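Let us walk through this protein from the inside out. Start with one residue and follow its contacts.

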Amino acid sequence: MPIFQDANGMAIKFFIQKDIPEEIQAEVCETIASLGGRVEPKVPRAGFVLVQPGTAEEERLRLCWSSPDRPERYFVPYTYVEACKVSGMLLKQIFIHEGQPIRMHIDSSIANVNVRAALSARIMHSGGDPTASAQSARVILADPNTDIFQHLVKTYQGEPNKYVESYLWVKKCIEKGQVIYTPVVYKNPGGRRPGEERTQFTKEDEQHLCDWIAAKIPYKETGGRTGNRLYQQLCEMAHDPEYAWVTRHTWQSWRERYKKNATRLDAKIAEIVEQKKPAHGEKGQYGYVRKPEEKPKRTRKKARQSSANNADATAVADGTVLTNGNGNTEVATPLPGPSGVHSMDTYSMPMPVPLSTMSGVMGPVGGASDGFNPVMYQPPAPVFQHMSVPTPGTMTAEIARQNAREEEMEDDEVEWQIREGNAPPPPWAKRKPEDEPDEPNKRQRISPSAEHGTTNGLHVIDQAVRDIAKEFRFLVEEVQEYYDKCGDPERTRNRFKKMREVINALPDDDAPAV
(Lines give C-alpha, C1' and ligand atoms only; values in the text may rest on other atoms or scores of the structure.)
Protein backbone atom coordinates (compact mmCIF):
# COMPACT_ATOMS: atom_id res chain seq x y z
CA MET A 1 0.00 0.00 0.00
CA PRO A 2 1.38 3.49 -0.82
CA ILE A 3 2.78 5.48 2.10
CA PHE A 4 0.45 8.46 1.71
CA GLN A 5 -2.82 6.51 1.87
CA ASP A 6 -4.90 5.87 4.98
CA ALA A 7 -6.40 2.56 6.11
CA ASN A 8 -9.43 3.12 3.86
CA GLY A 9 -7.27 3.60 0.78
CA MET A 10 -7.94 7.35 0.64
CA ALA A 11 -5.13 9.71 -0.36
CA ILE A 12 -3.65 11.83 2.44
CA LYS A 13 -4.01 15.54 1.73
CA PHE A 14 -1.17 18.09 1.75
CA PHE A 15 -1.04 21.86 1.56
CA ILE A 16 2.24 23.57 0.63
CA GLN A 17 3.28 27.02 1.87
CA LYS A 18 2.95 29.37 -1.11
CA ASP A 19 6.23 31.28 -0.83
CA ILE A 20 8.41 28.15 -0.92
CA PRO A 21 10.55 28.23 -4.12
CA GLU A 22 8.73 26.80 -7.14
CA GLU A 23 11.38 24.19 -7.95
CA ILE A 24 11.07 22.81 -4.40
CA GLN A 25 7.28 22.82 -4.63
CA ALA A 26 7.41 20.94 -7.93
CA GLU A 27 9.72 18.30 -6.52
CA VAL A 28 7.59 17.88 -3.38
CA CYS A 29 4.38 17.59 -5.42
CA GLU A 30 5.96 14.90 -7.59
CA THR A 31 7.09 12.90 -4.56
CA ILE A 32 3.67 13.17 -2.88
CA ALA A 33 1.90 11.97 -6.03
CA SER A 34 4.30 9.04 -6.46
CA LEU A 35 3.62 7.92 -2.88
CA GLY A 36 -0.18 8.05 -3.24
CA GLY A 37 -0.87 11.46 -1.70
CA ARG A 38 -2.64 14.53 -3.02
CA VAL A 39 -1.71 18.21 -2.95
CA GLU A 40 -4.62 20.57 -2.23
CA PRO A 41 -4.82 24.26 -3.10
CA LYS A 42 -6.54 24.93 0.24
CA VAL A 43 -5.67 24.02 3.81
CA PRO A 44 -7.26 20.60 4.52
CA ARG A 45 -9.21 19.88 7.66
CA ALA A 46 -7.29 16.64 8.18
CA GLY A 47 -3.84 16.38 6.65
CA PHE A 48 -0.47 18.05 6.59
CA VAL A 49 0.53 21.66 6.09
CA LEU A 50 4.05 21.77 4.66
CA VAL A 51 5.89 24.88 5.83
CA GLN A 52 9.37 26.35 5.76
CA PRO A 53 10.50 26.66 9.43
CA GLY A 54 11.65 30.05 10.66
CA THR A 55 9.74 32.18 8.15
CA ALA A 56 7.04 34.76 8.77
CA GLU A 57 4.62 32.88 6.53
CA GLU A 58 5.00 29.76 8.67
CA GLU A 59 4.14 31.74 11.80
CA ARG A 60 1.10 33.24 10.04
CA LEU A 61 -0.16 29.82 8.89
CA ARG A 62 0.15 28.40 12.40
CA LEU A 63 -1.75 31.33 13.94
CA CYS A 64 -4.51 31.15 11.34
CA TRP A 65 -5.05 27.43 11.00
CA SER A 66 -3.83 25.86 14.22
CA SER A 67 -6.94 25.03 16.26
CA PRO A 68 -7.94 22.48 18.93
CA ASP A 69 -10.98 21.75 16.78
CA ARG A 70 -8.70 20.30 14.10
CA PRO A 71 -6.50 17.81 15.96
CA GLU A 72 -5.71 15.90 12.75
CA ARG A 73 -4.20 18.94 11.03
CA TYR A 74 -0.43 18.86 11.41
CA PHE A 75 2.21 21.47 10.60
CA VAL A 76 5.47 19.91 9.44
CA PRO A 77 8.49 21.13 7.40
CA TYR A 78 8.40 20.37 3.68
CA THR A 79 11.33 17.95 4.20
CA TYR A 80 8.80 15.68 5.96
CA VAL A 81 7.81 14.19 2.59
CA GLU A 82 11.36 13.09 1.79
CA ALA A 83 11.84 11.76 5.35
CA CYS A 84 8.76 9.55 4.97
CA LYS A 85 10.06 8.31 1.64
CA VAL A 86 13.46 7.43 3.14
CA SER A 87 11.96 5.66 6.19
CA GLY A 88 9.38 3.86 4.03
CA MET A 89 6.48 4.77 6.30
CA LEU A 90 4.26 7.65 7.35
CA LEU A 91 5.98 9.26 10.33
CA LYS A 92 3.56 9.65 13.23
CA GLN A 93 3.10 13.03 14.88
CA ILE A 94 3.81 11.92 18.45
CA PHE A 95 5.49 15.01 19.93
CA ILE A 96 2.20 16.85 20.44
CA HIS A 97 0.70 17.79 23.82
CA GLU A 98 -2.81 19.26 24.13
CA GLY A 99 -2.91 20.02 20.41
CA GLN A 100 0.41 21.93 20.43
CA PRO A 101 3.95 20.81 19.51
CA ILE A 102 6.00 19.74 22.49
CA ARG A 103 8.65 22.41 22.98
CA MET A 104 12.14 20.96 23.31
CA HIS A 105 15.58 22.40 23.99
CA ILE A 106 18.77 20.79 22.65
CA ASP A 107 21.44 21.43 25.28
CA SER A 108 24.97 22.52 24.40
CA SER A 109 26.37 19.30 25.90
CA ILE A 110 25.46 17.73 22.54
CA ALA A 111 28.43 19.36 20.85
CA ASN A 112 28.38 17.61 17.47
CA VAL A 113 26.79 19.94 14.93
CA ASN A 114 25.61 17.12 12.66
CA VAL A 115 23.96 15.31 15.57
CA ARG A 116 22.16 18.48 16.64
CA ALA A 117 20.89 19.10 13.09
CA ALA A 118 19.68 15.50 12.65
CA LEU A 119 18.03 15.56 16.08
CA SER A 120 16.25 18.82 15.30
CA ALA A 121 14.95 17.50 11.95
CA ARG A 122 13.72 14.27 13.53
CA ILE A 123 11.81 16.20 16.21
CA MET A 124 10.12 18.47 13.64
CA HIS A 125 9.18 15.52 11.40
CA SER A 126 7.42 13.94 14.39
CA GLY A 127 5.48 17.09 15.36
CA GLY A 128 7.78 18.65 17.96
CA ASP A 129 9.36 22.10 18.25
CA PRO A 130 13.14 21.96 18.91
CA THR A 131 13.66 25.74 19.01
CA ALA A 132 12.59 26.41 22.63
CA SER A 133 14.88 27.76 25.31
CA ALA A 134 15.82 25.78 28.40
CA GLN A 135 13.41 27.79 30.55
CA SER A 136 10.36 27.50 28.27
CA ALA A 137 10.97 23.94 27.04
CA ARG A 138 8.99 20.97 28.31
CA VAL A 139 11.80 18.54 27.42
CA ILE A 140 15.54 19.25 27.67
CA LEU A 141 17.74 16.94 25.63
CA ALA A 142 21.34 16.50 26.77
CA ASP A 143 24.26 14.10 26.58
CA PRO A 144 23.97 11.61 29.47
CA ASN A 145 27.74 11.02 29.48
CA THR A 146 28.50 14.54 30.70
CA ASP A 147 28.34 16.21 34.10
CA ILE A 148 25.90 18.78 32.70
CA PHE A 149 23.25 16.07 32.34
CA GLN A 150 23.31 15.22 36.06
CA HIS A 151 23.30 18.92 36.90
CA LEU A 152 20.18 19.44 34.76
CA VAL A 153 18.45 16.47 36.40
CA LYS A 154 19.07 17.89 39.87
CA THR A 155 18.05 21.40 38.78
CA TYR A 156 14.67 20.45 37.30
CA GLN A 157 13.74 17.37 39.33
CA GLY A 158 11.35 19.49 41.41
CA GLU A 159 9.37 20.78 38.40
CA PRO A 160 6.54 18.39 37.48
CA ASN A 161 6.11 19.53 33.86
CA LYS A 162 9.76 19.57 32.81
CA TYR A 163 11.76 16.51 31.81
CA VAL A 164 15.47 16.00 31.18
CA GLU A 165 16.09 13.23 28.67
CA SER A 166 18.97 11.73 26.73
CA TYR A 167 19.30 12.61 23.06
CA LEU A 168 18.59 8.92 22.34
CA TRP A 169 15.15 9.35 23.90
CA VAL A 170 13.80 10.90 20.67
CA LYS A 171 14.68 7.81 18.64
CA LYS A 172 13.17 5.48 21.24
CA CYS A 173 9.87 7.39 21.25
CA ILE A 174 9.66 7.34 17.45
CA GLU A 175 10.32 3.60 17.35
CA LYS A 176 7.63 2.95 19.97
CA GLY A 177 5.19 5.37 18.37
CA GLN A 178 4.44 7.27 21.58
CA VAL A 179 6.03 9.63 24.08
CA ILE A 180 7.26 7.81 27.18
CA TYR A 181 9.18 9.90 29.70
CA THR A 182 11.83 8.29 31.86
CA PRO A 183 9.94 7.15 34.95
CA VAL A 184 10.70 8.32 38.46
CA VAL A 185 11.59 5.51 40.84
CA TYR A 186 11.54 5.50 44.60
CA LYS A 187 14.97 5.62 46.20
CA ASN A 188 14.97 4.12 49.67
CA PRO A 189 16.42 6.69 52.06
CA GLY A 190 17.55 3.89 54.36
CA GLY A 191 16.23 2.21 57.46
CA ARG A 192 13.04 0.20 57.95
CA ARG A 193 9.69 1.74 57.41
CA PRO A 194 7.64 2.27 60.57
CA GLY A 195 5.93 -0.96 61.58
CA GLU A 196 7.85 -3.08 59.07
CA GLU A 197 9.31 -6.28 60.47
CA ARG A 198 12.89 -7.39 59.91
CA THR A 199 13.37 -10.32 57.54
CA GLN A 200 14.03 -13.26 59.80
CA PHE A 201 16.78 -15.81 59.14
CA THR A 202 15.50 -19.30 58.37
CA LYS A 203 17.19 -22.70 58.60
CA GLU A 204 17.61 -22.62 54.83
CA ASP A 205 19.40 -19.26 55.08
CA GLU A 206 21.82 -20.64 57.65
CA GLN A 207 22.41 -23.76 55.56
CA HIS A 208 23.18 -21.65 52.50
CA LEU A 209 25.50 -19.48 54.56
CA CYS A 210 27.37 -22.51 55.92
CA ASP A 211 27.73 -24.00 52.43
CA TRP A 212 29.19 -20.73 51.18
CA ILE A 213 31.70 -20.41 54.00
CA ALA A 214 32.67 -24.08 53.73
CA ALA A 215 33.44 -23.62 50.05
CA LYS A 216 35.37 -20.40 50.46
CA ILE A 217 37.08 -20.76 53.86
CA PRO A 218 36.84 -24.46 54.79
CA TYR A 219 39.35 -24.20 57.64
CA LYS A 220 38.79 -21.58 60.29
CA GLU A 221 42.47 -21.30 61.19
CA THR A 222 43.03 -19.74 57.77
CA GLY A 223 41.15 -16.64 58.99
CA GLY A 224 38.81 -14.30 57.13
CA ARG A 225 35.40 -15.63 58.18
CA THR A 226 34.47 -12.36 59.89
CA GLY A 227 35.85 -10.08 57.17
CA ASN A 228 33.67 -7.90 54.99
CA ARG A 229 34.84 -9.04 51.57
CA LEU A 230 33.65 -12.63 52.02
CA TYR A 231 30.04 -11.52 52.44
CA GLN A 232 30.27 -8.79 49.83
CA GLN A 233 31.29 -11.43 47.31
CA LEU A 234 28.31 -13.50 48.41
CA CYS A 235 25.88 -10.67 47.62
CA GLU A 236 27.60 -10.04 44.29
CA MET A 237 26.41 -13.51 43.23
CA ALA A 238 22.77 -12.37 43.30
CA HIS A 239 22.58 -12.39 39.49
CA ASP A 240 23.14 -16.16 39.49
CA PRO A 241 19.83 -18.07 39.78
CA GLU A 242 21.44 -20.52 42.21
CA TYR A 243 22.13 -17.63 44.57
CA ALA A 244 18.72 -15.97 44.39
CA TRP A 245 18.40 -16.49 48.17
CA VAL A 246 21.18 -13.94 48.72
CA THR A 247 18.82 -11.00 48.19
CA ARG A 248 16.89 -11.81 51.36
CA HIS A 249 19.52 -10.03 53.45
CA THR A 250 22.27 -7.48 53.04
CA TRP A 251 25.91 -8.51 53.24
CA GLN A 252 26.12 -6.81 56.65
CA SER A 253 23.25 -9.01 57.89
CA TRP A 254 24.92 -12.20 56.61
CA ARG A 255 28.14 -11.21 58.35
CA GLU A 256 26.42 -10.38 61.63
CA ARG A 257 24.50 -13.67 61.50
CA TYR A 258 27.73 -15.65 61.36
CA LYS A 259 29.54 -13.43 63.85
CA LYS A 260 26.85 -13.76 66.53
CA ASN A 261 26.41 -17.52 66.00
CA ALA A 262 29.99 -18.45 65.13
CA THR A 263 30.27 -21.36 67.58
CA ARG A 264 27.13 -23.10 66.38
CA LEU A 265 27.70 -22.38 62.67
CA ASP A 266 31.36 -23.44 62.81
CA ALA A 267 30.22 -26.91 63.85
CA LYS A 268 27.92 -27.13 60.82
CA ILE A 269 30.69 -25.88 58.55
CA ALA A 270 33.07 -28.49 59.96
CA GLU A 271 30.55 -31.26 59.12
CA ILE A 272 30.28 -30.02 55.53
CA VAL A 273 34.06 -29.84 55.21
CA GLU A 274 34.40 -33.36 56.63
CA GLN A 275 32.16 -34.68 53.87
CA LYS A 276 33.82 -32.84 50.98
CA LYS A 277 37.38 -32.82 52.41
CA PRO A 278 38.77 -29.94 50.34
CA ALA A 279 42.52 -29.31 50.35
CA HIS A 280 44.15 -26.12 51.49
CA GLY A 281 44.41 -23.54 48.71
CA GLU A 282 42.08 -25.17 46.20
CA LYS A 283 40.88 -23.02 43.33
CA GLY A 284 37.86 -20.94 44.37
CA GLN A 285 38.72 -20.65 48.05
CA TYR A 286 38.67 -17.19 49.57
CA GLY A 287 42.03 -15.45 49.65
CA TYR A 288 43.67 -17.64 47.00
CA VAL A 289 44.31 -16.06 43.61
CA ARG A 290 46.02 -17.28 40.50
CA LYS A 291 49.79 -17.09 40.73
CA PRO A 292 51.14 -14.42 38.40
CA GLU A 293 53.27 -15.44 35.46
CA GLU A 294 56.97 -15.54 36.23
CA LYS A 295 59.01 -13.07 34.26
CA PRO A 296 62.23 -14.43 32.78
CA LYS A 297 65.24 -13.18 34.70
CA ARG A 298 67.80 -11.30 32.70
CA THR A 299 71.31 -12.39 33.56
CA ARG A 300 74.02 -9.78 33.35
CA LYS A 301 77.47 -10.74 32.22
CA LYS A 302 80.12 -9.97 34.80
CA ALA A 303 83.84 -10.09 34.22
CA ARG A 304 85.50 -12.74 36.34
CA GLN A 305 87.91 -10.74 38.35
CA SER A 306 89.10 -11.24 41.89
CA SER A 307 89.55 -8.44 44.36
CA ALA A 308 93.22 -9.40 44.64
CA ASN A 309 93.80 -8.65 40.98
CA ASN A 310 92.10 -5.28 41.40
CA ALA A 311 94.44 -4.43 44.22
CA ASP A 312 97.59 -5.81 42.55
CA ALA A 313 97.30 -3.99 39.18
CA THR A 314 97.44 -0.17 39.41
CA ALA A 315 97.92 2.31 36.54
CA VAL A 316 99.36 5.82 36.96
CA ALA A 317 99.06 8.31 34.06
CA ASP A 318 102.58 9.84 34.25
CA GLY A 319 104.36 6.54 34.90
CA THR A 320 102.68 3.15 34.87
CA VAL A 321 103.45 1.23 38.06
CA LEU A 322 102.63 -2.50 37.99
CA THR A 323 102.65 -4.49 41.19
CA ASN A 324 102.50 -8.23 40.83
CA GLY A 325 101.45 -10.76 43.40
CA ASN A 326 105.02 -11.38 44.62
CA GLY A 327 105.41 -7.83 45.84
CA ASN A 328 107.82 -6.69 43.09
CA THR A 329 107.21 -3.24 41.65
CA GLU A 330 108.13 -2.28 38.10
CA VAL A 331 107.85 1.11 36.44
CA ALA A 332 107.00 1.33 32.75
CA THR A 333 107.03 4.24 30.36
CA PRO A 334 103.71 6.09 30.08
CA LEU A 335 101.50 5.52 27.08
CA PRO A 336 101.01 8.42 24.67
CA GLY A 337 97.68 10.20 24.70
CA PRO A 338 95.66 12.50 26.95
CA SER A 339 94.62 9.73 29.34
CA GLY A 340 96.32 6.89 31.05
CA VAL A 341 95.61 3.17 30.75
CA HIS A 342 92.04 2.20 31.63
CA SER A 343 91.57 -0.63 34.06
CA MET A 344 89.28 -3.59 33.30
CA ASP A 345 86.33 -2.29 35.31
CA THR A 346 86.44 1.31 34.06
CA TYR A 347 83.56 2.28 31.76
CA SER A 348 83.38 6.02 32.40
CA MET A 349 82.04 8.46 29.83
CA PRO A 350 84.63 10.67 28.07
CA MET A 351 84.99 13.95 29.94
CA PRO A 352 85.38 17.35 28.24
CA VAL A 353 89.00 18.44 27.94
CA PRO A 354 89.90 22.15 27.67
CA LEU A 355 91.68 22.97 24.44
CA SER A 356 94.54 24.64 26.25
CA THR A 357 95.63 21.34 27.78
CA MET A 358 96.20 19.72 24.38
CA SER A 359 99.31 20.33 22.34
CA GLY A 360 98.90 21.99 18.95
CA VAL A 361 95.53 23.58 19.82
CA MET A 362 95.03 27.32 20.31
CA GLY A 363 94.02 28.36 23.81
CA PRO A 364 91.09 30.62 24.74
CA VAL A 365 91.00 33.98 23.01
CA GLY A 366 91.16 37.06 25.22
CA GLY A 367 92.31 37.62 28.71
CA ALA A 368 91.34 36.31 32.11
CA SER A 369 88.04 38.12 31.92
CA ASP A 370 87.09 36.42 28.70
CA GLY A 371 84.10 34.21 29.48
CA PHE A 372 84.54 32.08 26.38
CA ASN A 373 86.55 28.97 27.15
CA PRO A 374 86.19 26.55 24.24
CA VAL A 375 85.91 22.90 25.21
CA MET A 376 86.50 19.99 22.88
CA TYR A 377 85.07 16.54 23.61
CA GLN A 378 87.10 13.44 23.09
CA PRO A 379 85.98 11.12 20.30
CA PRO A 380 84.26 7.85 21.26
CA ALA A 381 86.51 5.34 22.93
CA PRO A 382 87.79 2.50 20.75
CA VAL A 383 86.16 -0.89 20.95
CA PHE A 384 88.75 -2.43 23.23
CA GLN A 385 89.54 0.67 25.26
CA HIS A 386 88.29 -1.02 28.42
CA MET A 387 91.09 -3.60 28.23
CA SER A 388 94.43 -2.88 29.90
CA VAL A 389 97.42 -2.63 27.57
CA PRO A 390 100.54 -3.77 29.43
CA THR A 391 103.92 -2.52 28.34
CA PRO A 392 106.51 -4.91 26.92
CA GLY A 393 108.22 -7.06 29.47
CA THR A 394 105.51 -6.59 32.14
CA MET A 395 103.07 -9.37 31.13
CA THR A 396 102.24 -11.78 33.94
CA ALA A 397 99.93 -14.75 34.20
CA GLU A 398 97.43 -12.74 36.23
CA ILE A 399 97.33 -9.91 33.69
CA ALA A 400 97.05 -12.36 30.79
CA ARG A 401 94.06 -14.06 32.41
CA GLN A 402 92.57 -10.67 33.16
CA ASN A 403 92.79 -9.54 29.52
CA ALA A 404 91.69 -12.83 27.95
CA ARG A 405 88.44 -12.30 26.04
CA GLU A 406 87.20 -15.80 26.94
CA GLU A 407 86.71 -14.54 30.49
CA GLU A 408 83.94 -12.19 29.34
CA MET A 409 81.66 -15.02 28.21
CA GLU A 410 79.27 -17.20 30.16
CA ASP A 411 79.85 -20.91 30.55
CA ASP A 412 76.84 -21.86 28.47
CA GLU A 413 77.76 -19.67 25.52
CA VAL A 414 79.70 -20.79 22.42
CA GLU A 415 82.01 -18.50 20.54
CA TRP A 416 81.61 -18.59 16.79
CA GLN A 417 84.73 -17.50 15.00
CA ILE A 418 84.55 -16.04 11.54
CA ARG A 419 86.83 -16.23 8.53
CA GLU A 420 88.93 -13.11 8.00
CA GLY A 421 90.32 -12.30 4.55
CA ASN A 422 92.03 -15.23 2.86
CA ALA A 423 92.65 -17.06 6.09
CA PRO A 424 91.56 -20.71 6.29
CA PRO A 425 88.03 -21.30 7.56
CA PRO A 426 87.53 -21.88 11.29
CA PRO A 427 87.29 -25.49 12.55
CA TRP A 428 83.50 -25.41 12.95
CA ALA A 429 83.08 -24.53 9.26
CA LYS A 430 85.15 -27.43 7.90
CA ARG A 431 83.22 -30.44 6.68
CA LYS A 432 84.39 -33.76 8.01
CA PRO A 433 85.31 -36.45 5.46
CA GLU A 434 82.67 -38.81 6.78
CA ASP A 435 80.02 -36.13 6.27
CA GLU A 436 80.75 -35.93 2.54
CA PRO A 437 77.76 -37.24 0.53
CA ASP A 438 78.21 -40.14 -1.87
CA GLU A 439 76.32 -38.37 -4.67
CA PRO A 440 78.35 -36.86 -7.53
CA ASN A 441 79.71 -33.39 -7.12
CA LYS A 442 77.17 -30.68 -7.57
CA ARG A 443 77.55 -28.10 -10.31
CA GLN A 444 79.74 -25.32 -9.10
CA ARG A 445 77.95 -22.02 -8.66
CA ILE A 446 79.10 -19.43 -11.14
CA SER A 447 78.68 -15.74 -10.65
CA PRO A 448 76.35 -13.98 -13.12
CA SER A 449 79.20 -12.02 -14.65
CA ALA A 450 81.24 -15.16 -15.28
CA GLU A 451 78.24 -17.08 -16.57
CA HIS A 452 77.07 -14.48 -19.08
CA GLY A 453 80.41 -12.94 -19.72
CA THR A 454 81.16 -9.37 -20.62
CA THR A 455 81.89 -7.66 -23.90
CA ASN A 456 83.85 -4.44 -24.10
CA GLY A 457 83.18 -3.83 -20.44
CA LEU A 458 79.40 -4.22 -20.97
CA HIS A 459 77.12 -6.97 -19.86
CA VAL A 460 76.11 -9.44 -22.57
CA ILE A 461 72.47 -8.35 -22.39
CA ASP A 462 73.35 -4.68 -22.60
CA GLN A 463 75.56 -5.38 -25.61
CA ALA A 464 72.78 -7.37 -27.30
CA VAL A 465 70.33 -4.48 -26.77
CA ARG A 466 72.80 -2.06 -28.33
CA ASP A 467 73.38 -4.36 -31.31
CA ILE A 468 69.62 -4.67 -31.97
CA ALA A 469 69.19 -0.89 -31.77
CA LYS A 470 72.13 -0.32 -34.14
CA GLU A 471 71.05 -3.01 -36.62
CA PHE A 472 67.47 -1.77 -37.03
CA ARG A 473 68.18 1.93 -36.37
CA PHE A 474 66.18 2.43 -33.15
CA LEU A 475 67.02 4.17 -29.91
CA VAL A 476 68.72 2.06 -27.27
CA GLU A 477 66.14 3.23 -24.71
CA GLU A 478 63.28 1.92 -26.90
CA VAL A 479 64.88 -1.50 -27.28
CA GLN A 480 65.79 -1.63 -23.58
CA GLU A 481 62.20 -0.78 -22.56
CA TYR A 482 60.73 -3.63 -24.61
CA TYR A 483 63.38 -6.09 -23.41
CA ASP A 484 62.57 -5.23 -19.79
CA LYS A 485 58.96 -6.24 -20.50
CA CYS A 486 59.55 -9.54 -22.28
CA GLY A 487 63.02 -10.58 -21.03
CA ASP A 488 63.86 -12.46 -24.27
CA PRO A 489 66.65 -11.09 -26.57
CA GLU A 490 65.50 -13.11 -29.58
CA ARG A 491 61.90 -11.98 -29.22
CA THR A 492 63.11 -8.40 -28.89
CA ARG A 493 65.18 -8.69 -32.10
CA ASN A 494 62.24 -10.10 -34.09
CA ARG A 495 59.98 -7.35 -32.76
CA PHE A 496 62.16 -4.50 -33.94
CA LYS A 497 62.96 -6.28 -37.21
CA LYS A 498 59.23 -6.37 -38.05
CA MET A 499 58.85 -2.75 -36.97
CA ARG A 500 61.64 -1.68 -39.31
CA GLU A 501 60.07 -3.67 -42.17
CA VAL A 502 56.71 -1.99 -41.57
CA ILE A 503 58.31 1.44 -41.52
CA ASN A 504 60.20 0.74 -44.75
CA ALA A 505 56.99 -0.40 -46.44
CA LEU A 506 55.18 2.88 -45.72
CA PRO A 507 54.88 5.19 -48.77
CA ASP A 508 56.65 8.54 -48.89
CA ASP A 509 54.54 11.55 -47.93
CA ASP A 510 55.72 13.38 -51.07
CA ALA A 511 54.92 10.48 -53.39
CA PRO A 512 51.58 10.78 -55.24
CA ALA A 513 48.86 8.44 -54.02
CA VAL A 514 48.23 5.48 -56.33
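Find Leu209. Leaving aside neighbours within four places in sequence, Leu209 is in contact with Tyr231, Leu234, Trp254, Arg257, Tyr258 and Leu265; contact means heavy atoms within 4.5 Å. This is a predicted model: local features need pLDDT of at least 70, side-chain atom pairs count only at pLDDT 80 or more, and totals for chains, interfaces and linings use all residues. Residues are numbered from 1 along each chain as its sequence is written, and side-chain values use heavy atoms, with hydrogens and water left out.

Leu209 belongs to the largest nonpolar core, which has 18 residues. Such a core is a set of buried Ala, Val, Leu, Ile, Met, Phe, Trp, Tyr and Cys residues joined through side-chain atoms within 4.5 Å. Buried means under 20% relative accessible area, exposed over 50%, and partly exposed in between (1.4 Å probe, protein chains only). Those with the most contacts inside the core are Leu209, Ile213, Tyr231, Leu234, Trp254, Tyr258 and Ile269. Helix 7, helix 8, helix 9 and helix 10 (262–276) each supply at least two of the core's residues. Helices here are DSSP runs of H or I, at least four residues long, and strands are runs of E, at least two; both are numbered from the N terminus. Apart from this core lies another, of 17 residues, among them Ile3, Ile20, Leu35 and Val76.

Now look at helix 8, residues 228–236. Leu230, Tyr231 and Leu234 are buried there. They cover an arc of only 85° around the axis, which puts them on the same side of helix 8. The arc is taken from the directions from the helix axis to the C-beta atoms. Why would such spacing work? An α-helix has 3.6 residues a turn, so residues three or four places apart point the same way. The buried residues of helix 8 pack against helix 7 (203–216) and helix 9 (251–260).

Next, turn to Tyr78. Tyr78 sits in the loop between strand 4 (73–77) and helix 3 (80–87). Its relative accessible area is 21%, so Tyr78 is partly exposed. Not counting residues up to four places away in sequence, Tyr78 touches Ile20, Ile24, Val28, Leu50, Val51 and Gln52. Tyr78 and Val51 are 27 residues apart in sequence, yet 5.6 Å apart in space, C-alpha to C-alpha.

Finally, step back. The protein has 16 helices and 15 strands. Of its 514 residues, 25% count as buried.
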